Amino acid sequence: MKKLVLLIWMFILALSCRTGSDSLGKPVISVSIIPQQYFIEQLAGDLVEVNVMIPSGASPATYEPSVSQLSKLDQSMVYLRIGYVGFEQSWMDKISSVNPEMKIVDLSEGVETIQENMHEDEDQHGHSHHGTDPHIWMSVLNARIIARNMHEELLLLFPGEKDFLKAKLDQFSLLLDSLHQEITYTLEGIENNKFMIYHPALTYFARDYRLEQHSLEIEGKSPSPAHLKEMVDLAHEYQISKILIQNQFDQKNAEVLARETGSEIIQFDPLDLHWREQMRYIAQQLNPSKQ
């Protein structure tokens with residue numbers, strides 16, 4: 001399949017004429033994940049068209065770009081990578097070859113990343129070769145940095161829209177400040193700061209609000225019977241009553257743990273376009289007494 005995709009890329013390179021904008025004249029910005037689209041919409045309004053490479057429900061490890069996405073890549077002026085997701089680790093060189101003139105910007109610049117404890121180069125879900133937890137966008141504090149990085153690139157694309165873009169950044173910054181305060185209040189006085197999660201997507205969220213995340217997965221692999229027993233014992237010892245799981249993952253092992261511990265399974269989606277609502281929802285589920 002990858003060979004077919006490469007052939008398509010070569011075909012597009014041979015026939016296309018890069019203009020850096022779509023048929024409506026808007027500059028095209030390509031990104032990896034859907035939450036980045038939300039950030040750009042907050043910061044740029046309708047000044048740009050956003051080309052999201054990994055669509056809703058797709059795996060960041062196995063997804064291969066469609067022909068239409070390749071075409072948009074060829075039109076893109078900038079690619080804003082989120083930093084360390086597996087799709088970027090695997091495909092960034094090929095993406096760059098489609099449009100060598102396209103600027104590639106790493107939005108994780110300035111983020112204090114967290115290193116995972118991994119013994120292999122890459123886990124089965126395609127995460128970082130270097131053991132860096134890739135879920136930097138699941139943090140309001142990190143979102144401030146991501147937004148500033150985006151803003152700097154938007155200023156380069158639209159030098160004549162400086163006042164508009166500054167107003168959008170200020171507005172979004174206020175929204176982020178309000179969201180951080182809301183989540184802080186929601187989690188204030190939480191009786192149990194420990195929670196279980198199938199895939200460790202909330203590492204940065206947990207750091208921001210002094211929570212303890214305990215993952216069923218180890219190095220991207222399904223839990224062994226021994227680890228599952230450890231999680232059952234942990235849940236009983238600390239009376240952990242909630243198991244979070246991403247919509248994209250199979251619930252089978254989480255259901256086993258829930259039956260053994262009487263815990264509640266809570267689904268969430270870190271790849272949702274409605275990023276703000278997801279962040280608020282996670283906090284509310286962790287401390288429902290504040291709802």
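Q: Which residue in β2 does V31 stand opposite?
A: The model is a predicted one, in which local features need pLDDT of at least 70, side-chain atom pairs count only at pLDDT 80 or more, and totals for chains, interfaces and linings use all residues. Residues are numbered from 1 along each chain as its sequence is written, and side-chain values use heavy atoms, with hydrogens and water left out. Strand β1 (residues 28-31) runs parallel to β2 and is joined to β2 by 4 bridges, where strands are DSSP runs of E with at least two residues, and helices are runs of H or I with at least four, numbered from the N terminus. In β2, the residue opposite V31 is V52.

Q: What is the order of the strands in the open sheet?
A: Two strands pair if DSSP finds at least two bridges between them. The edge strands, each pairing on one side only, are β2 (49-52) and β4 (103-106). With parallel pairing, the 4 strands of the open sheet have the order β2-β1-β3-β4.

Q: Is A206 buried or exposed?
A: A206 is found in helix α7 (residues 203-208), and, leaving aside neighbours within four places in sequence, A206 is in contact (heavy atoms within 4.5 Å) with F195, L211 and Q213. Buried means under 20% relative accessible area, exposed over 50%, and partly exposed in between, with a 1.4 Å probe and protein chains only. Because its relative accessible area is 4%, A206 is buried.
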